[in-house]
Amino acid sequence: MSKILVFIEGNTDQLKNSVKELLSAAHNSGQNVEAFAFGSQAKTLANQAGHFGAKKVYICSSDSLNDYNPQAFLTACKDIVAKSQANTLLASSSSLGKDLFPRLAASLNTGMVSDCTEISFEGDDVKVKKPLYAGKCSAEVSFENSPIKMVLMRPNQLPINEADTSQEATIEEINVENTDLKVLIKEIVKSTSEKLDLTEANIVVSGGRGLKEAGNFKLLEDLADALGATVGASRAVCDDGWVPHSMQVGQTGKTVAPNLYIACGISGAIQHLAGMSGSKVIVAINNDPEAPIFQKATYGIVGDLFDVVPKLTAEFSKVLQS
Ligand SMILES: Cc1cc2nc3c(=O)[nH]c(=O)nc-3n(C[C@H](O)[C@H](O)[C@H](O)COP(=O)(O)OP(=O)(O)OC[C@H]3O[C@@H](n4cnc5c(N)ncnc54)[C@H](O)[C@@H]3O)c2cc1C
């Protein structure tokens with residue numbers, strides 16, 4: 001039977017939703033599903049992966065793999081791919097995935113497609129769809145002459161199955177010697193934000209130049225708190241230093257596809273749309289009725305965001321807390 005190998009990433013000790021999506025898609029394909037995870041939380045994540053259909057999970061639980069090191073991760077990946085003999089490898093199109101898997105594809109001389117939004121399995125074949133040219137068109141891609149077909153899926157594209165806690169994965173520890181590392185990561189300073197990462201968030205509230213100044217992002221934080229959302233931003237305001245670049249949504253920022261995206265004071269430049277047009281419902285708040293964002297919006301509010309946003313916050317707080 002064909003086999004799919006899924007790369008596991010976690011938010012500390014919890015499987016990321018994007019990984020649950022991959023495991024669910026792999027399980028639903030009817031193929032044999034294996035997975036692999038790195039770092040000291042690997043065993044915990046492996047147990048959770050079993051509930052989503054992974055039959056076997058390879059783990060490298062060394063502390064030295066807690067933080068991403070391209071060379072160490074690549075060595076471990078090569079070892080696991082050889083052991084698993086999978087036909088297909090699925091990973092999330094995260095920053096880590098997009099750095100690691102092109103290296104693996106090159107070293108295995110195999111095909112890899114990133115930023116995929118659709119996937120289908122037909123026997124051993126895998127077909128994927130991915131947007132091109134900032135979402136102006138999309139390409140359907142299939143694989144040829146690829147010993148293992150490597151697919152990096154964008155988060156929030158696939159349904160997640162119910163966890164089946166009666167299912168457990170067999171866990172195999174892999175030891176990888178990394179005595180000749182050329183680069184050592186000394187420290188990674190993580191963002192202090194408690195909020196869910198933008199790419200994983202179910203609701204995103206984003207702000208642009210219409211907010212006038214950095215301090216006014218507080219309005220969006222209040223709305224986000226009321227909704228349990230994560231705050232994003234246009235590139236214009238990140239470039240102006242109002243908020244960090246980690247919050248940037250768009251072609252040169254993060255790609256998000258939440259269930260609800262609320263754009264406040266954002267014009268809707270093509271480069272911004274490239275990062276959020278996959279959102280299920282888009283609400284735009286802009287005082288210019290001609291703003292291009294309204295062409296993408298499911299619901300448009302023509303108005304002054306300084307008037308509209310506090311009213312939404314008050315209303316949502318009332319409704320959601322009652
Ligand atoms: C190569 C390249 C890559 C890029 N990558 C990205 C990217 O990844 N992400 C990104 O966002 N941009 C990106 N850009 C920049 C992009 O082209 C736009 O310049 C940027 O998105 C504009 O940001 P904005 O909508 O916040 O500002 P503006 O275009 O200035 O829009 C501000 C909006 O706020 C509205 N407004 C003003 N006052 C109010 C008010 N009181 N109430 C309600 N609405 C109000 C205005 O009507 C206007 O529509 C890129 C550009 C290039 C060239």
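**Exercise 1. Which residues are the closest to the ligand, and how many surround it?**

Start with the shell: 26 residues surround the ligand, counting a residue as near if one of its heavy atoms lies within 4 Å. Next, pick out the closest, which are Ser 234, Thr 252, Ser 267, Gln 271 and Asn 286.

Before going on, please keep two notes in mind. This is a predicted model, in which local features need pLDDT of at least 70 and side-chain atom pairs count only at pLDDT 80 or more, while totals for chains, interfaces and linings use all residues. Residues are numbered from 1 along each chain as its sequence is written, and side-chain values use heavy atoms, leaving out hydrogens and water.

**Exercise 2. List polar contacts of the ligand (pairs of N or O atoms within 3.5 Å).**

Take Asn 286: an N or O atom of its side chain is 2.7 Å from a ligand oxygen. Then turn to Gln 271, where a side-chain N or O atom is 2.8 Å from an oxygen of the ligand. Finally, a ligand nitrogen lies 2.8 Å from an N or O atom in the Lys 212 side chain. As for cover, the protein hides 75% of the 990 Å² of accessible area that the ligand has on its own (Shrake-Rupley method, 1.4 Å probe).

**Exercise 3. How much area do domain 1 and domain 2 bury between them?**

First set the bounds, which come from an automatic or database assignment: domain 1 is 3–173 and domain 2 is 198–321. Buried area is the accessible area (1.4 Å probe) lost on putting two parts together, summed over both. The two domains bury about 820 Å², with 45% of it on carbon and sulfur atoms. Of the area domain 1 buries, Ala 134, Arg 154 and Asn 156 supply 58%.

Note on methods: A polar contact is a pair of N or O atoms within 3.5 Å; within protein, one must be able to donate a hydrogen and the other to accept it, and residues adjacent in sequence count only if both atoms are side-chain atoms.
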